[in-house]
Every structure is written in structure tokens, then in C-alpha cells.
Amino acid sequence: MNLLSVFVLIPVLMLSGLFLAKSRKQVLLVSATGASLLLAAAAVLCFLFLGERQSGNTGTMLFTASFSWFPAWNISYSVGVDGISVLMILLSAIIVFTGTFTSWNIDPMPKEYFMWFCLLSIGVFGFFISLDLFTMFMFYEVALIPMYLLIGVWGSGNKERSAMKLTLMLMGGSALLLLGILGVYFSSGAQSMDIMTMSRSSIPVVLQRYFFPFVFIGFGILGALFPFHTWSPDGHASAPTAVSMLHAGVLMKLGGYGCFRVAMFLMPEAANELGWIFLLLTGISVVYGAFSACVQKDLKYINAYSSVSHCGLVLFALLMMNTTAMTGAIVQMLSHGLMTALFFALIGMIYGRTHTRDIREMGGLMKIVPFLGVSYVIAGLASLGLPGLSGFVAEMNVFVGSFQHADTFRRVLTLVAVTSIVITAVYILRVVGKILYGPVHDPRHLELKDAVWFERFPVVVLITAIAAIGLFPGWITEWIGQALFPIVDRLNVAAL
């Protein structure tokens with residue numbers, strides 16, 4: 001069996017085990033075992049990928065496999081990975097692993113919750129390993145569908161409305177995406193839905209101009225592209241903790257990944273011609289999301305609007321179409337995935353103790369729950385780009401690469417986007433000062449207990465990963481640079 005298929009097989013086996021589980025203890029055992037196996041498999045994949053690169057195997061995609069699935073439409077189960085895919089798989093495995101432990105006390109119906117969580121994981125992993133457009137789209141849909149029930153049943157607040165809004169917005173994006181994929185397939189003349197095969201064909205520029213917006217917007221909606229971002233804050237605010245972690249940490253990365261892997265790679269001429277339009281929209285996302293976070297009072301809404309800003313930065317850097325900026329975009333995907341998962345995990349733990357997410361009702365938590373307080377400060381420092389943490393590596397590459405362009409338009413947009421760093425510092429320091437320091441507003445908070453082992457464990461894992469990227473970014477940027485070369489090369493050739 002192909003190595004990459006393990007990442008789909010393990011969650012499928014988890015589903016079978018959960019279906020047969022008779023008690024909460026068995027449900028937790030199956031979930032923890034499956035999540036641990038996924039993380040171990042991701043670590044093995046990284047090790048094997050490194051070995052292939054060191055042995056001189058510089059193929060565009062490694063560990064490939066393909067078999068015909070639906071011959072009438074030339075659809076295949078085709079899988080393969082490059083450095084970017086491997087890093088996305090590792091990120092997904094870390095978030096699934098930490099999210100499982102964060103959900104240790106989920107109630108009611110833990111069995112059903114973890115079954116839907118597994119289905120969501122299948123979609124995420126399947127998407128990142130797919131090389132066939134239709135198979136990728138299928139896994140994309142599998143990743144989206146469970147969100148409705150996970151939020152609508154196990155969420156909080158106005159959960160039914162938030163779940164419906166999220167589902168309708170993302171399904172609308174899927175409709176655009178399907179139209180774009182079919183347009184690319186029929187206009188390429190490749191007689192195959194394999195991405196690498198289609199890249200060797202030539203799609204007429206006039207058709208690229210029609211289909212590029214469908215594909216980019218379709219994926220961009222999941223990446224919180226302005227003005228289609230409105231589902232994101234409500235969805236994050238109402239979702240249970242682990243679902244928010246997976247949603248913001250991984251699911252939103254499907255949008256950015258699809259934009260450069262499909263839209264920009266297969267339609268480079270249209271990306272060069274129409275990119276300025278989406279640069280404007282993503283620039284708005286970056287600044288608007290940061291300003292919106294400043295005026296929020298709910299911890300989850302603050303982090304949700306922060307995600308709009310940070311994910312906007314991903315698309316912004318990708319559209320700069322040079323190696324430095326695009327490398328920063330991928331590192332930003334990793335960095336944001338880890339730090340926003342950490343934020344949502346900590347917010348869930350704080351809410352579980354204080355029963356409020358309103359920053360005006362909290363204060364002095366650093367003395368009462370020091371582990372949660374210190375961890376929140378570390379997450380905040382990563383978000384505002386402190387050197388030594390992942391956010392600094394990402395933002396330096398993004399802004400340096402973006403300012404490398406000689407044209408005034410892109411440089412002005414970069415200067416506007418840079419202001420998000422200052423705005424981010426404002427809302428992060430404001431929240432830290434409000435909830436962690438100062439007087440205790442509610443006397444009942446003096447009796448709060450700090451995090452227990454199954455809460456500390458995922459937090460430590462996430463902080464370690466954030467610090468590892470910040471302190472040792474070289475191997476990550478090297479993998480990303482090698483994987484980006486064929487994409488950037490096609491974009492540069494198309495620009496001539």
C-alpha cells in the first residue's frame with residue numbers, strides 16, 4: 001500500500017473503532033491512539049522525505065501512486081507530495097493530535113463527536129496528498145460537511161445560525177470551485193484531471209481569464225478572502241474548542257494551498273493579469289481583520305478576526321509571485337496554524353473555568369492560573385512576530401519578498417499591510433493586560449484551578465512546535481523553496 005494512503009486509512013480505522021466502542025473510556029482510547037498514529041506517520045513521512053532529498057531525488061512529487069478510479073472522466077486516485085505538502089500533513093497531524101486531547105471532556109455524545117472529527121480529518125489529509133483535481137475536490141467537500149454538525153450540535157452561543165452561515169458560504173465557494181475545475185479540465189485538452197499532467201498542457205489565456213476567478217475565489221472563501229470572510233468569525237466563535245483549532249489551524253489552510261497549487265499553477269497567465277485585483281482584496285483582509293480584532297470584547301472573536309488578518313497575509317504573499325514572499329506565505333500557514341490552535345485551546349480552557357469570554361469580566365488570571373497565563377502570553381508574542389518564534393520568520397519573508405517588487409503599486413500595498421504588525425501588537429497587548437493582569441473582577445475566579453495534565457500536554461506540544469520553527473527555520477524554508485520552484489518558474493515565464 002502507498003505510504004500516503006496511510007493518512008486516510010488511519011482515520012477510517014478510527015471510525016470503525018469508534019463505531020464499535022461501548023464506553024467513553026474506549027472512545028477516548030481509540031481517538032488518542034489514532035491521533036498518535038497519525039502524528040507518528042507524519043514524523044516518519046518527514047524522515048523519509050528528508051532521506052529522499054539527501055539521496056539526490058529531486059523529483060517534483062515523491063511517493064506518488066495512481067490508479068484509475070472513474071475512467072469515463074479520466075479520474076484517478078492519484079497521490080504524491082512535495083515539501084509543502086509534507087509540512088501541511090505534519091501541521092494537520094499536530095493539530096488533530098492536540099485537538100483530541102483538548103476534547104477529552106467533550107460532552108454530550110463523545111462517540112459521535114469524535115466520529116465526525118475523524119471524518120473531518122480524512123478530508124484534510126486526503127486533500128493535501130491528492131494530485132487529481134476531482135479527488136482533491138472530493139476530499140475538500142468531505143472536510144467541509146462535518147463542520148455543520150460539529151458546530152450546530154457541540155458548539156455554543158448562536159450555534160445553529162453560525163453553522164448554517166458557515167455551511168452556506170463554503171458550499172457557495174465549492175460551487176464556484178467546481179465550475180472552475182471543470183472549466184480548467186475541458187479547456188486544457190490534457191484528457192486527465194492529474195494536476196501535473198494538466199500543467200504540461202496549455203490553457204488558452206482567454207479561458208484562463210474566465211476560470212481563474214472561479215477557482216481562486218472558490219478556494220479563497222475558505223481562506224477568509226475579503227469580502228467573503230464573514231462566515232469565519234461567527235463559525236470560530238460558536239465552534240467547540242478542538243473544532244476551532246482544526247478549523248482555523250488546518251481547514252483555512254486548504255484555501256491558501258488550493259490557490260497556489262491549482263489556480264496559480266495551472267493558470268499562470270491569468271494570475272499575472274488578474275492578480276492585482278486579489279492583491280487589493282487580500283490587502284484589505286490583512287488590515288481590516290486586524291482593526292476588527294481591536295474592537296472586539298469576546299476572546300474568540302478577537303482570535304477569529306486575527307485569523308482573517310493572518311490568512312489574508314498568506315494570500316497577499318502568494319500573489320506577490322516571487323520565491324521569498326511565497327516562502328513566507330507557506331511559513332505563515334504553518335505559524336498561524338500552530339499559534340491559532342494554541343490560542344483557541346487556551347481560550348477554551350479559560351472559558352471552561354470562568355464561563356465567560358468577555359475580556360471586561362476577567363482580570364488577574366496570571367496569578368490564579370499561571371500556566372494558562374504564561375502560555376497565552378507566548379501565543380500572543382508569536383502572533384505579533386517576536387523574534388525566536390514562528391511568526392517572525394513568516395512575516396519577515398512575507399514583507400521582504402513583497403517589497404522586492406520594483407513597481408510602486410505592490411510596494412505601496414506592502415507598506416499598508418505592514419501596519420498590521422502594529423495593530424496586532426495593540427490588540428494582543430490589550431487582551432493580555434485585560435485578562436491576565438490587574439485586579440480580579442469576579443471573586444469566584446480566585447478559586448479557579450490551573451490546567452491539568454491532558455490540558456497541559458497539547459499546549460506544550462504546540463508551544464514547542466512554534467519555538468522550533470522560530471529557532472530552526474532553515475530546513476523548512478529549504479523544503480518550501482524546492483517545492484515552489486516549478487510554480488514560481490511558471491509564473492515568471494507567464495509574466496514575460
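Helices (H or I, at least four residues) and strands (E, at least two) are DSSP runs, numbered from the N terminus. The model is predicted: local features need pLDDT of at least 70, side-chain atom pairs count only at pLDDT 80 or more, and totals for chains, interfaces and linings use all residues. Residues are numbered from 1 along each chain as its sequence is written, and side-chain values use heavy atoms, with hydrogens and water left out.

A nonpolar patch lies on the surface. Its members are Phe-67, Trp-69, Phe-70, Trp-73, Phe-134 and Phe-186, with about 650 Å² of accessible area together. Patch residues have over 30% relative accessible area and no salt bridge; nonpolar side chains (Val, Leu, Ile, Met, Phe, Trp, Tyr) are joined within 5 Å, like charges within 9 Å. A salt bridge is a side-chain nitrogen of Lys or Arg within 4 Å of a carboxyl oxygen of Asp or Glu. Areas come from the Shrake-Rupley method with a 1.4 Å probe; for residues, only the protein chains shown count as cover. Strand β1 (residues 62-70) supplies the largest share of the patch, 3 residues. Trp-73 sits in the loop between β1 and β2 (75-81). Its relative accessibility is 36%, so Trp-73 counts as partly exposed. Buried means under 20% relative accessible area, exposed over 50%, and partly exposed in between (1.4 Å probe, protein chains only).

Two packed helices are described by the angle between their axes and the distance between the axes. The axes of α6 (residues 146-154) and α7 (residues 159-188) come within 8 Å and cross at roughly 170°. The two helices are therefore roughly antiparallel. Axes are lines fitted to C-alpha atoms, for helices over the stretch in contact, with angles from 0 to 180 degrees between N-to-C directions. Angles under 35 degrees count as roughly parallel, over 145 as roughly antiparallel, 65 to 115 as roughly perpendicular and the rest as oblique. Contact means heavy atoms within 4.5 Å. Residues of α6 in contact with α7 include Tyr-148 and Ile-151; among their partners in α7 are Ala-163 and Leu-166.

Asp-234 belongs to helix α10 (residues 231-238). Asp-234 is buried, at 12% relative accessibility. Beyond residues up to four places away in sequence, Asp-234 touches Arg-161, Ser-162, Lys-165 and Tyr-301.

Most residues other than glycine have a negative phi, and most peptide bonds are trans. Ala-224 has a positive phi near 65°. Ala-224 lies in the loop between α9 (205-222) and α10. Pro-227 is found in that loop, joined to Phe-226 by a cis peptide bond with omega about 5°. Met-321 has a positive phi of about 60°.
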